[in-house]
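Hello,

Here is the structure I promised to pass on. Please open it first, then read my notes below.

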Amino acid sequence: MKKVLLVINCIILAVGTCGGPLVMRLYFIKGGKRIWLSSWLQTAAWPINFIPLVISYFYRRKNNNNTTTKLILMTPRIFLATIGIGILQGFTNYFYAYGIGKLPVSTSGLLFATQLAFTAFFAFLIVKLKFTPYSVNSVFLLTIGAVVLALRSGGDQPEGEPKKEYILGFVMTLASAALTGLIFPLVELIYKKTQQTITYTFVLEFQTLYCFVATVLATIGMIINKDFQVSLFLFPQFEYYVHIYQTKSAHKT
């Protein structure tokens, strides 16, 4: 069962990792400009985790012969730490969405891959990761790739996009990679510090909570940026039709 769950999660992760940036970039190509909305969509599906969590609860209850079964496995200390991870994830989502909006998918994908280098660096500082020749080689190649992109920045710059916006997208993508590289070692540190067994249910609870916090952060950004007035419309053409409809209604009155 553990292997089946692992394979299912890997497949879902692969589909989301490959398809997510393409769909997000398509939104911006079609004229979309809502950065907070795009970051909100990255974690808005967190309620789906309640389905396996409920199944897991009844499964554990059955195995315990209907005796006292904890509804939530997380301790208050882990709960607070997870909220902090969720805040970091919320800003990571925003930086990543901003980069996707300004850079081609190939460029942003390569830049975001530098998270492996950041992960190795922060893991060395936080969880005392030991470097191997393979990890050092990977970090070196990814760093060289980012440097090459920086030197030829503008060669794949989208037509009509200001140079300043392109460079800012470059920086924001690297910032999202750096935050992602920080989050992974912090999560491992939390797992090490917790005084309980790391089960599939516990991991799901952890993911649900930090995705919820990240979504709340994006929601606040949407409120400030007044994105909710168009949050139901993923493409700007719909915004245009709504504007026409409101104009006609105003003339009638």
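**Aromatic residues and helices**

Tyr 94 and Tyr 98 are four residues apart in helix H4 (residues 76-102), so about one helical turn separates them. Keep in mind that this is a predicted model.

Both tyrosines are buried. Tyr 94 has a relative accessible area of 19%. For Tyr 98 the value is 11%. The cut-off for buried is under 20%.

The structure holds twelve aromatic pairs. In one of them, the rings of Tyr 57 and Phe 58 have centres 5.4 Å apart and planes at 70 degrees, so this pair is edge-to-face. Tyr 94 and Tyr 98 also pair, but tilted: 6.5 Å centre to centre, with 45 degrees between the planes. Tyr 57 counts as buried, at 18% relative accessibility. Phe 58 counts as partly exposed, at 48%.

Trp 36, Tyr 94, Phe 95 and Tyr 98 form one aromatic cluster. Tyr 98 has a charge over its ring as well: the charged end of Lys 102 sits there, 5.5 Å from the ring centre.

Now to helix H5 (residues 105-112). Its buried residues are Thr 107, Ser 108, Leu 111 and Phe 112. Seen down the axis of H5, they fall within an arc of 125 degrees, so they line one face of the helix.

Last, the record. An unreviewed UniProt entry places the feature "transmembrane region" at several stretches, including residues 109-127 and 202-224. Over residues 109-127 the chain is 84% helix and 0% strand, with the end C-alpha atoms 27 Å apart. Residues 202-224 are 100% helix and 0% strand, and their end C-alpha atoms are 34 Å apart.

Best wishes

Methods: Residues are numbered from 1 along each chain as its sequence is written. This is a predicted model: local features need pLDDT of at least 70, side-chain atom pairs count only at pLDDT 80 or more; totals for chains, interfaces and linings use all residues. Side-chain values use heavy atoms; hydrogens and water are left out. UniProt positions are given in the numbering used here, feature names are shortened, and annotations may be inferred rather than shown by experiment. Helices (H or I, at least four residues) and strands (E, at least two) are DSSP runs, numbered from the N terminus. Buried means under 20% relative accessible area, exposed over 50%, partly exposed in between (1.4 Å probe, protein chains only). The arc is that of the directions from the helix axis to the C-beta atoms. Rings of Phe, Tyr and Trp (its six-membered ring) pair if their centres lie within 6.5 Å; planes under 30 degrees apart count as stacked, over 60 as edge-to-face and the rest as tilted. A charge sits over a ring if NZ of Lys or CZ of Arg is within 6 Å of the ring centre and within 35 degrees of the ring normal.
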